Each structure stands twice: as structure tokens, then as C-alpha cells.
Amino acid sequence: MNPDLSRYSCQIALPGFGEAAQEQLQKANVLIAGVGGLGCPAAVYLAAAGIGNLGIADFDTVSAENLHRQVLFIPADVGFHKASVAAARLHKQNPGIQVMTHDIKITSDNVMEIISQYDIVVDCTDNFETRYLLNDACVIRGKPLVYGAIYQFEGQVAVWNIKSKDVNYSPNYRDLFPKVDATQIPSCAEGGVIPTLAGIIGCMQANEVIKYFTNTGDLLAGKILLFDAQTMQSRVIKIGHITKTNITSLTTTMEIPTMTVSEIKKGLKANTLELVDIRTDQERDVTDIGGVHIEMDELNDHLEYLNNYVVKVFYCSSGRRSGEAVKMLKQKFPNANFFSMEGGLGAWFKNDD
């Protein structure tokens, strides 16, 4: 056996695998979009399996409340950028691979350029705007996309946009979910998630990537796997063989107005703005920096107060949920002075002003 392949001897020994399949993994270029609960296990196993070029895209920072499922990170990483920390750790795990970081938010302006460098994209994101954006960009570029999602005790896995021999493509995310009202679906922080589920679904996503490059097994193309961690039951639902969508352009992503912690503290001293905490009651009980408390799923019940011409700055733990809140409310009130706290509470407690 080639000495460079010795660390992969156990997978090379698999029936129908061999050195040729391992060499395909070493030539592969894989982008992991989002290095959270799903992205961490997916990245760990793809790096360990010998994916030659691994891209990590995430603009967020490590948060303490996510460590229970984001297993690449440790408490000392809190506040640091996920992409950089993950890349360094993955390269230590397997020095024989290349790891590239994209420490930026994926938007309609940069998504095409980012995915053009890769053979396949692994969607490990946690918001619908980016999920649809990645889907549409992959369809336009003709690239396969490995989808994963988790909520509470349930997870989903599918492989979108696989080109068949007759030049047709398999279904994509919009074939199954043409449009989703993200404001009606709680986040993991609001609805909860069992950490082991993230590991299971993330590993399934990595498994589909390996199957794709080594041409082993039956891909989850044209179907979706549903998994229940409480009953340990899974089922595969067939969607169809060919996509029925016609995606030719990207939906422009909305720029979410943000305000830095320093700007917010100055505004609070001058009494020119109000804070709105959109976290859950449980999160508020642990940490409270003041402001009106309206949970994310209750915002629509307080529209009269929110749209009263006073500057409102929404905050959560990291800035992700507050950004979604601002985006939702700006669609209702385009001229309102709504902002998201940049970096969330993580940035708040790091600021000494």
C-alpha cells in the first residue's frame, strides 16, 4: 500500500472501495457551509476520511451555549471565529489535507464565487435565507448539495441536484419546500435540540459526501431521510427523479441593519434607543442586561409597541436570531429604526466601554 494512504487502511479494505476510491477523496473539494451542530461532526469525519481540500464557511463566533453540540470547540474558544478555530483543529487532526476558511457571511453577492471552488456543498446552516441561497446557487452552477436539518429530536438528510446520465438533475430543496415562513419555525435555542442528534445527522451528511466521491452505495438523491432520535426510527420518503423547478437567478439577500456594542451603550446613556431581548425565558433567567423582553415567536403580538418611532435594538446570544427578527420586522415596517446588536451578548461582555 502507498505509505501516504496507510492511515486510511481500514476504509480502503472495504469491499468495492480500495485505493482508487481513497484517491478520489484526496482529489475532492468539499465546502461545509456552517460549522455549528451539523458542520462540526461533518467536518471532523470528512477531514479524518481524507477529503483533500476542505472549505469551512462561517462568519459567527463560538458561543458557550452551543458547546453541547458543537463538538469541535472548547470553552477557551468562546468569542473566537468558528471558521478559523475549526480549520486549525481539523488540520491538526489530519495534516495531510488542505483546509480553507471563508470567515464571511454567505450572501447573494459572494455565494457564486465561493461555491465555484468546490465540487460539492454541505449545507449545515441554521437559517432559511442561507439554505435557499445555497440551494439556488448550486442549481444554477450545477453542483450537488448535501442537506441536513435538526430540530428538537428530529432530523433530515437529503442530497439535492445530482446530475443523471440523461443530463437531467434530481430534485432540490425548492421541489420539497418551495417557500417556508421562517418566522413560524423556532430556532434550536428557542425550541431546543438534543446534542446527539446533531452528531448523527452531521455524520450522515459526511457519509453522503463519501458515497458521492467513491461511487459506493445509494445516494439520498430524489428522496429525504427522516430520523427520530427518541424512537431511533428512520424512514426514507421518495420525492421524484427529476426536478420540477426552474431556478435561473438568485434572490437578493437583505442587508440587516446592525449596531455595535459601543454605539448601543452610548445610545443607552443618551436615552436615544431601547433594547429588546428576543431570547427565551430560560436564557433571560441566566443572563439579563436589561431592555424589554419579547420572545422571538411573540414579536407579532407587540407590533404597535415595536413600531412607535423609537430606535429599537434587538439582541440575542450571538446576533443571529436578532438579525432574523430585524429582517422580519423590516419587511413589515421598511422605514422603522430597527437594528440588531452586532455579535450579540458575546460582544456585549467583551466590550469594556
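At 2% relative accessibility, Asn94 counts as buried. Buried here means under 20% relative accessible area, exposed over 50%, and partly exposed in between, with a 1.4 Å probe and protein chains only. The structure is a predicted model, in which local features need pLDDT of at least 70 and side-chain atom pairs count only at pLDDT 80 or more, while totals for chains, interfaces and linings use all residues. Residues are numbered from 1 along each chain as its sequence is written, and side-chain values use heavy atoms, with hydrogens and water left out.

Asn94 sits in the loop between helix H4 (82-93) and strand S3 (98-102). Helices (H or I, at least four residues) and strands (E, at least two) are DSSP runs, numbered from the N terminus. Leaving aside residues up to four places away in sequence, Asn94 touches Arg7, Tyr8, Ala47, Ala48 and Gly50. Contact means heavy atoms within 4.5 Å.

Strand S3 belongs to an open sheet of eight strands, in the order S3-S2-S1-S4-S5-S6-S7-S8. Its pairing is mixed. Two strands pair if DSSP finds at least two bridges between them. The edge strands are S3 and strand S8 (233-238), each pairing on one side only. On average, neighbouring strands of this sheet are turned by 15° against each other, direction ignored. Helix H3 (residues 39-49) packs on the sheet and touches strand S1 (29-33) and strand S2 (53-57). The direction of H3 makes about 160° with that of S1. Axes are lines fitted to C-alpha atoms, for helices over the stretch in contact, and angles run from 0 to 180 degrees between N-to-C directions.

Strand S5 (residues 145-151) and strand S6 (residues 154-160) are joined by seven bridges and run antiparallel. Ile150 stands opposite Gly155 in S6. S6 then pairs with S7 in the antiparallel sense over five bridges. Gln156 has Leu226 of S7 as its bridge partner. S7 and S8 also run antiparallel, joined by six bridges. Phe227 is partnered by Ser234 in S8.

S7 and S8 form a hairpin with four residues between them. Met232 lies in this turn and has a positive phi of about 60°, although Met232 is not a glycine. Met232 is exposed, with a relative accessible area of 55%. Asn271 also has a positive phi, near 60°, in a residue other than glycine. Asn271 is placed in the loop between H10 and S10. At 67% relative accessibility, Asn271 counts as exposed.

Leu220 lies in the loop between helix H9 (195-214) and strand S7 (223-228). Leu220 is buried, with a relative accessible area of 9%. Its contacts, not counting residues up to four places away in sequence, are Val157, Ala158, Val159, Glu208, Leu225 and Val236. The C-alpha atoms of Leu220 and Thr287 are separated by 42 Å, with the two residues 67 apart along the chain.

A further open sheet holds five strands in the order S9-S13-S12-S10-S11, with parallel pairing. Strand S9 (258-259) and strand S11 (292-293) are the edge strands, and each pairs on one side only. Strand S12 (residues 311-315) runs parallel to strand S13 (residues 338-341), and three bridges join them. Phe314 has Ser340 of S13 as its bridge partner. Helix H10 (residues 261-270) lies across S9, strand S10 (273-277), S12 and S13, running at about 120° to S10. Helix H13 (residues 320-332) lies across S12 and S13, at about 170° to S13.

The second largest pocket holds about 530 Å³ of space. On a 1 Å grid over the protein atoms alone, a pocket is an open set of points where a 1.4 Å probe fits, with protein on both sides within 12 Å along at least five of seven lines; lining residues have an atom within 4 Å of a point. Grid points are joined across faces, edges and corners, and a volume is the space filled by probe spheres set on the points. Of the 27 lining residues, Ser63, Ala64, Glu65, Ser317 and Leu345 are the closest to the pocket centre. Helix H8 (188-191), helix H11 (281-286) and helix H14 (344-350) each supply at least two lining residues. H14 gives the largest share, five residues. The lining divides into 10 nonpolar, 12 polar and five charged residues. Ala, Val, Leu, Ile, Met, Phe, Trp, Tyr, Cys and Pro count as nonpolar, Asp, Glu, Lys and Arg as charged, and the others, Gly among them, as polar.
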